[in-house]
Amino acid sequence: MQYYLDGFRPGDPDIRPAAPRKTDPADVVDVLVIGNGPAGSIIAAQLAEFPSISTRFIERRETAMEKGQADGVASRTIEMFTAFGLAEKLNREAYRLNETVFWGPDEDNHRIVRTGRTPSTADDLSEYPSVIVNQARLQQILVEKMGNSPTRLQPEFGMEVQNVTVPADPSQPVSVTVRQLTRPGQPETVIHARYVVGCDGARSVVRQSLGLELKGDPQYHAWGVLDVLAQTTFPDIRRRAIIVTPTGGLSVIPREGGYLTRVYVDLGEIQPGDHEQRAQVTKEFIVDKAKQLFAPYAFEPKEITWWSRYEVAQRLTDRFDDVPDEQRGTRSPRVFIAGDACHTHSAKAGQGMNVSMQDTFNLGWKLAAVLEGRSPAGLLDTYNAERQPVAQSLIDFDRAWAPILGGKNPDAPDETLSTDEIRARFQQSRRFTTGLATHYPPSLLIGEDTHQKLATGYPIGMRFYSAQVTRMADSRRMHLGHVHQADGRWRLYAFADGAPITSDTSRLRALCDFLRDSAQSPLRRFTPADADIDAILDVRGILQQSHHDVDPEDLPALLFPVKGSLGLNDYEKAFTPDTDGDIFDQRGIDRDQGALVVVRPDQYVAHVLPLDAHDELAEFLARFMNPVG
């Protein structure tokens, strides 16, 4: 963590100096974020880092959430949290999902017995496991983060949106009518915003104002959920457990804190329109059903901190912004929806909260780039183009996964799966359930795979898969991907070719010299003259030799840059392979030619290029970046 660039300051380094909040004389906010859930909190935390962008963050609830709702945090989400500097905090408080156990009836159907085990997450997919943490706590962590940001952004509670109006004239702001629930009797107010992000849930007023609807078929299958402190003889209460019996299924999810457990109870089919049947599903009904499924093991709740009943439903909107298909390309979007506002599904895949946060992580840096003038407004079309297909794939996966956890074959609903078959399908689905299956196709922001062979472990369009390296200047062993911050910058990871960095034939040195000195360099074209050299494009060099065999003075100037108001050298731009594992081998980097891996601000690989493809790099970045001056 670097925090003395512009001079020493005492105190907590996580609390950055406050910057003047941007004010607009026309009383128009740059971005209005609606909804304090995970999706809204992620984009608000991103935008809070930009003092040049005015942001408001409103929520219908009158106070912050304290308990309940989602709790599963996928490996990919924790990777994202590293960019906010929050992964260690989240992991310290969370429950780590280590092992999943499977239970089914014995041969006589008299009792349930353990039938198998499997690791819950795969160490070969991410440096992080999937974990469990209360959604309310996760949101609180993000709100604390934005409160420590230069803008000191905080949510405004008790603000209920009535409608959203998008004017035909693109020069006019979007109007959002709001009723203040904490001040009854007060007249409605109107917030004017250049951009609006609706993260306001499945009953989204923003979505309805755009004339969009969630489309899909309800499954009429109900589940009950309990967050419970229980006395039980069930031996796997502190492991993730899947129980399947002829009379129903049950899932156990250990919660953070050592004692709390979430229990999902299969309540079976619900007849359409049968309100009496729904009314019978009380907290007591769910507890009784859980006791039956745990038998012969005792299960006695001592305290139920939260409970709910939900029905499986997979629904999706046709688009995630305000631009109809026939107008796409003629104007840029100004209103966006994310999370449950545009895709809903069961809780069984454990991806709802995670995919929602990835929605707005995708959008936040794009809004910042456009508002700061670094990219044209057309960049914002890529949000819908990238995230709507991801949500569709989640719907498709969830439609198959939900019946599996109930012991049913999704391809033959009348067929019951054995616990061995459930375990096999669980293992096959790990890339999806850990949030690592997203693969963006070639587009404005994603290059073709012409040079993919130079770095086979960094598939273009997928997230940047971190690996252990050694920081050259101080011998610190660390993950390369953890230098990536949620600050809107692109990362250029330049993996060295076979020539030593001190050699005149080094392609890495030639690339660094081009980026620093050439008039055609994207650093010179896209970085403001008064900004640090890494303000837009953050270049990191990964050498092949040992950190004992090279000194900072041996590096090209771009990897040992002078920065800040004091003109200090940045010692953290160069890395070498780790002693316990060589990143060149682990990620399939061509040792002779090296490789340049271009990574987007949301941690996805945008391109893989040869180190000497200077023109191709400049042309790629020019597709979506505005030159300065």
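## Annotated C-terminal region

An unreviewed UniProt entry lists residues 438-627 as "domain: Phenol hydroxylase-like C-terminal dimerisation". UniProt positions follow the numbering used here, feature names are shortened, and annotations may be inferred rather than shown by experiment. The model is predicted: local features need pLDDT of at least 70, side-chain atom pairs count only at pLDDT 80 or more, and totals for chains, interfaces and linings use all residues. Residues are numbered from 1 along each chain as its sequence is written, and side-chain values use heavy atoms, with hydrogens and water left out.

The span 438-627 is 15% helix and 19% strand, and its end C-alpha atoms lie 31 Å apart. Helices (H or I, at least four residues) and strands (E, at least two) are DSSP runs, numbered from the N terminus.

An open sheet of 7 strands has the order 23-22-28-25-24-29-30, with mixed pairing; two strands pair if DSSP finds at least two bridges between them. Strand 23 (477-479) and strand 30 (605-609) each have a single partner strand and stand at the edges, so one side of each is left without a neighbour in the sheet. From one strand to the next, the twist averages 30°. Angles run from 0 to 180 degrees between N-to-C directions, and axes are lines fitted to C-alpha atoms, for helices over the stretch in contact.

Strand 22 (residues 468-471) and strand 28 (residues 574-577) run antiparallel and are joined by 3 bridges. Thr470 stands opposite Thr576 in strand 28. Helix 15 (residues 614-622) lies across strand 24 (490-495), strand 25 (537-542), strand 29 (595-599) and strand 30, and runs at about 160° to strand 30. Contact means heavy atoms within 4.5 Å.

## Loops around the sheet

The loop between helix 11 (430-433) and strand 22 contains Lys453. Lys453 counts as exposed, because its relative accessibility is 65%; buried means under 20% relative accessible area, exposed over 50%, and partly exposed in between (1.4 Å probe, protein chains only). Lys453 and Thr438 are 15 residues apart along the chain, and their C-alpha atoms are separated by 20 Å.

Gln603 is found in the loop between strand 29 and strand 30. Gln603 is not a glycine, yet has a positive phi of about 75°. With a relative accessible area of 6%, Gln603 is buried.

## Helix 4

Helix 4 (residues 135-147) has 13 residues and reaches 18 Å from its first C-alpha to its last, close to the 18 Å expected at 1.5 Å a residue. The expected span is 1.5 Å times one less than the number of residues. At the start of helix 4, a side-chain oxygen of Asn134 reaches to within 2.7 Å of the backbone nitrogen of Ala136.

Helix 4 is mostly covered, with 11 of its 13 residues buried. Among them are Leu138, Ile141, Leu142, Val143 and Met146, as well as Arg137 and Lys145. The cover over the buried residues includes helix 1 (38-47), strand 2 (55-59), strand 3 (72-73), helix 2 (75-83), helix 3 (87-93) and helix 8 (352-371).

## Backbone exceptions elsewhere

Arg152 is found in the loop between helix 4 and strand 8 (156-157). Phi of Arg152 is near 55°, a positive value in a residue other than glycine. Arg152 is partly exposed, with a relative accessible area of 31%.

The peptide bond from Ala295 to Pro296 is cis, with omega near 15°. Pro296 lies in the loop between helix 7 (283-294) and strand 16 (299-313).

Terms used. Polar contact = N/O pair within 3.5 Å; in protein donor to acceptor, adjacent residues only side chain to side chain.
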